[in-house]
Amino acid sequence: MASKESGKLDIETDLLKRAMDLALEHGASYADVRVETYISEGAQAENGLCKSVAKGAGTSVGVRALAGGSWGFASMDVPDEHGFKGVLDDSIARAVRHAKAQTRFPEVKLAKVKPVRKHIKAEFEREPIDLDAKVKFVQEVSKAAKSMETIVMSLAEVYHVDSTKHFCSTEGALITQDFLRVGGDILCNAHRSGQSQTYYKPYGALGGWEFIERFDIESLALRVANMSRRLVTEARVPKSGLTTVVTKPSFNMLKVHEIVGHPVEADRVLGGESAWAGRAWWKDLQGKRVASPLVTAVSDARPMEKHKGFYGTFAFDDEGVPAQRVVHLQNGILKGFLHSRQTAYLSGARPSGAMRANHAGLMPMIRMTNTYFEPATGGPSTLEECIEDIKDGVLMGHQSIPSIDSRRYRFQISAYEAWEIKNGEVGGLLKNTAMMGTTPEYLKSINIVGGPKTWELYQIPNCGKGDPMQIMRLSNGGPIMVGKACIQGGA
Amino acid sequence: MEQLPEIVDMLLALAKRAHGVNEVEAYVSRNTMTSVRVETLRPKGRTVGPFGQQLFTLQNWEASIKVVINKAVGVFSTNYMTRPALQRAVDMAVRNARAMAPDPDFVSLARPTGKRPVAIAPDPRILKGDAGPTLVDQVEAATALIDEKDLDLAGSVMAVSAEVCMANTNGVSIDGSADTFTVAALTAERVDGPEVVSSGVGWSSSRKIKQLDACAAAQDALTWARMRPERKTAPPGEYNVILGPYAVADLFDNMLSNALSLDRVYYGWSWLPSDFKELPTGKKVRVPRMNERIASEAVTIIDDPTMKAAMGSRTYDDEGLPTYRKVLIEKGDLKEILSSSYYANLYGRESTASGFRYGLRPGRLASCEPSSYPTNLIMPAGDWTYDELIEESKGPTLVIPRTWYTYPTRYGGTGFSSSNRSTCFLIEKGKAVPVAPNAFKLSGDIRKFLDGVQAVGKDVKVATTWAASSAFIVPHVLSSGIRVEKPQEQK
């Protein structure tokens, strides 16, 4: 093993295979090890001046073992290239010991998967720019945003993370996946006459700097600044009540996330998350109608053109299961859930390739991938077509903050921006607007689903789940949709 | 691996040698979490468990070096601890500082405050990582309390240690400080198919594992879960509310403690009343209106990191300053605001020693920059018994022991949305009638809630919320102006 100039460690995979033999010798019936090594670099500017530059590097090991029927897990950071083997051996011994300490509890069993040996390289066209260029980049972006009238605070961040994940199991899997991720965010705070409004937009992609160029971040910053300005200068608070609600893809990303994506996670469906993230109201409704026939929703992690660069795209999950497409709602009927090997065994289902941890040092959990509403074949191609027959309604834009009950039944999701709809046209800008509904009533009320031209996917950089909480990156979206829900105007 | 003080000394020595460096801070932490996760799984109507399904140990160590060159602050963090790796960390931090222009808002790294640290002894068993077997025993004893087939128990029983060592060139240092705490956080629910009929929560926490009582936590949770609610819901409308300690903790965590932070005021993300004022440096910033009334006279809020037995206590903050008790709100008036040294210096104030490095892994993380957090946030006990609070409330009243996803409608706003996570109670003719969990959405406004506090209970409990870094030591609170929302059902 050698320490590269970049700060990432080169991991000898033979060591991982030997470690798995050691796990079996210790008495594990199954074990897997994940090793993640990374380097990151980022810069942040405030009002046109770079305020922080942060870089980091590290390597972590996480070992999961089944012995006596329960899971044991141990993780450690690697202090240096010579200490790697010691950390690996300690983690294995501890994980197996932990598993054996729980032999009095019922046995965990796993659905079968075919072990794979593969190395998947990161796909990118352009290397990230160097640190000096990053500093210049964020300064210019935040300066442009700050120049707009009423903007009192503009923050811009950019970063890249170069990482490699290794997965090795006692069943013979040996998978290495390289990732290059670029991203950042823009935040503007506008102030006028005692009123403040914040508008925030993250951006990012799995890939190289070509994505940052494509996003045109300076224009994005100006749009963020302009919307903050408009929210304090011209927007009004909406009237609360039940109405026709049109949701843009930038709102549907959080809507599908909260009311479809989380409740199809099988650990929640089976009750395993009941102390934290909660349960799923549609637990026993597979095969039943839960939404309008226009509604189809899927999770699809497969690397294909429309998923390119999105966080929910990968080749194998953290159990070595290949990425796949899972249909959750098909024409309004509840179909499949997202499964781990364990929940698949318990449910008589197939593992979905959805087990991911945000760090090798943490246990993987069932997570969304690219989870979205499908567009309707032959559906309207434009926003204008979607709203032409609406006399009175509200158009919800870029999502902000969710609040949803622990069964994912009653929800409120707010938006940074919304607009009134009057006589088939988009009207005045609304602020402090939230959509409130009950999942089945709302999903069944959907009467227009936009066609493929209205479909968009967005990045979610911060999905929280588990204890200790893990923050996962994934992607959500959908086409323009029209349904009935309550609008709440707030403070 | 080098030990923590040696790593700090080495980092400081290496950085001082670098040309042009004005100030240096070296920080190293080692964190260990041992946890047992308990849960019931119910696939296809069968019950599996409850059982301790995962016993895990997460260990991380990280070092961070911060160098100041002509008011530009460069940072590098790593978990490689060899001398060449630390030299590289220093080189990178210097490189980062040189990539930036001077930060006109930077005054200096933390300077000694003259305050004496309040030492709180850690638990050696937790520090050694030997807590696993005790935690498994506690889980087993807690699950043995389940006496009915339709009751589920889920949650975590955990022990955490955080060891910190740091020093800067201004004479601030922590030679070695260790904090330990343990928590049992358990949820019990009565289920009927997909329905959660009744739900409760229980907590036990302490600094030492001897005082941990998972059975008491389970018993509290089961007491509520055994109830048979008489109402499936409560009518929509405005209510007086008596929030239980867990609901008060949830509300304060998401709507109050983050607002009481100077950096959030600076960025415009706090709802505290503020004005734009010019600082002596000429910079115009938001300045909180100290001594302004922000709550009713019944509200006093204290941050106390020095309590011997409380899980949130810390001897030092992560900038090396001894922590101390401070009154944040006194009889409704804003008296103090939490700060780290960067923002305190900018505002010409003294740091409240509240700069903590919390992040996405357990403990205190060198890779996270200090940000202000409360430690033990206390609302002192009032004079009212639970029965007296019920008697005192005039008009429609709900008693809500536990809320869920209490989040603001927008960043920096006062409006919030929530749900009743546990069984709650509707007061009818002086009698508390149990209402099912997840029965409705709640909406409110933190300013109105604080203004409306009429009475404070006499029994306090320690609680924390999902993924919170702080402990909340709070009683029942009677206030007004919370709305029960039943979206789509209320046409």
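In strand β3 of chain B, the bridge partner of A:Lys55 is B:Phe76. That pair belongs to a set of five bridges that join β2(A) to β3(B), residues 72–78, and the two strands run parallel. Strands pair if DSSP finds at least two bridges between them. Helices (H or I, at least four residues) and strands (E, at least two) are DSSP runs, numbered from the N terminus.

This is a predicted model: local features need pLDDT of at least 70, side-chain atom pairs count only at pLDDT 80 or more, and totals for chains, interfaces and linings use all residues. Residues are numbered from 1 along each chain as its sequence is written, while chains are lettered from A and ligands numbered from 1 in the order in which they are written.

**Where the chains meet**

How many residues of chain B are in contact with chain A? There are 86 of them, and they touch 84 residues of chain A. Contact here means that the C-beta atoms of two residues, placed from the backbone, lie within 7 Å. Strand β2 of chain B, residues 48–69, gives the largest share of chain B's side, 13 residues. By class, that side has 40 nonpolar, 32 polar and 14 charged residues. Ala, Val, Leu, Ile, Met, Phe, Trp, Tyr, Cys and Pro count as nonpolar, Asp, Glu, Lys and Arg as charged, and the others, Gly among them, as polar.

**Chain A as a whole**

Chain A has 10 helices and 24 strands. Its radius of gyration is 24 Å, close to the 23 Å that the globule rule gives for 491 residues, so chain A is as compact as a globular protein of that length. The radius is taken over C-alpha atoms, and the rule is 2.2 Å times the number of residues to the power 0.38. Along the principal axes, the C-alpha atoms of chain A fill a box of roughly 70 × 55 × 40 Å. Of the 491 residues, 62% count as buried. A residue is buried if 20 or more other C-beta atoms lie within 10 Å of its own, exposed if 12 or fewer, and partly exposed in between, with C-beta atoms placed from the backbone. Take the contacts in chain A between residues at least 6 apart in sequence: 75% of them join residues at least 24 apart.

**Two domains in chain A**

The domain assignment of chain A gives domain 1 (13–233) and domain 2 (241–489). Such bounds come from an automatic or database domain assignment. The C-alpha centres of these two domains lie 23 Å apart. Across the boundary, 35 residues of domain 1 are in contact with 27 residues of domain 2. On the domain 1 side, β7(A) supplies the largest share, six residues. By class, this side has 20 nonpolar, nine polar and six charged residues.

**The core and a covered helix**

The largest nonpolar core has 316 residues, and those with the most contacts inside it are B:Leu11 and B:Leu186. Such a core is a set of buried Ala, Val, Leu, Ile, Met, Phe, Trp, Tyr and Cys residues joined through C-beta atoms within 7 Å. Strand β4 of chain B, residues 151–168, gives the most to this core, with 12 residues. Leaving aside neighbours within four places in sequence, B:Leu186 touches residues including A:Ala275, B:Ala142 and B:Leu153. Helix α6 of chain B, residues 245–255, is mostly covered: 11 of its 11 residues are buried. B:Tyr246 and B:Phe252 are among them.

A:Ser193 is exposed, because 7 other C-beta atoms lie within 10 Å. B:Tyr405 counts as buried, because it has 24 C-beta neighbours inside 10 Å.

A cis peptide bond joins A:Asp467 and A:Pro468, with omega about 5 degrees. A:Pro468 is in the loop between β22 (456–465) and β23 (470–478) of chain A.

A:Ala280 sits in another loop, between α7 (266–269) and β9 (297–300) of chain A. Is A:Ala280 buried or exposed? It is buried, because 26 other C-beta atoms lie within 10 Å. Leaving aside neighbours within four places in sequence, A:Ala280 is in contact with A:Pro263, A:Arg268, A:Val269, A:Arg407 and A:Arg408. A:His262 is 18 residues from A:Ala280 in sequence and 8.1 Å away in space, C-alpha to C-alpha.
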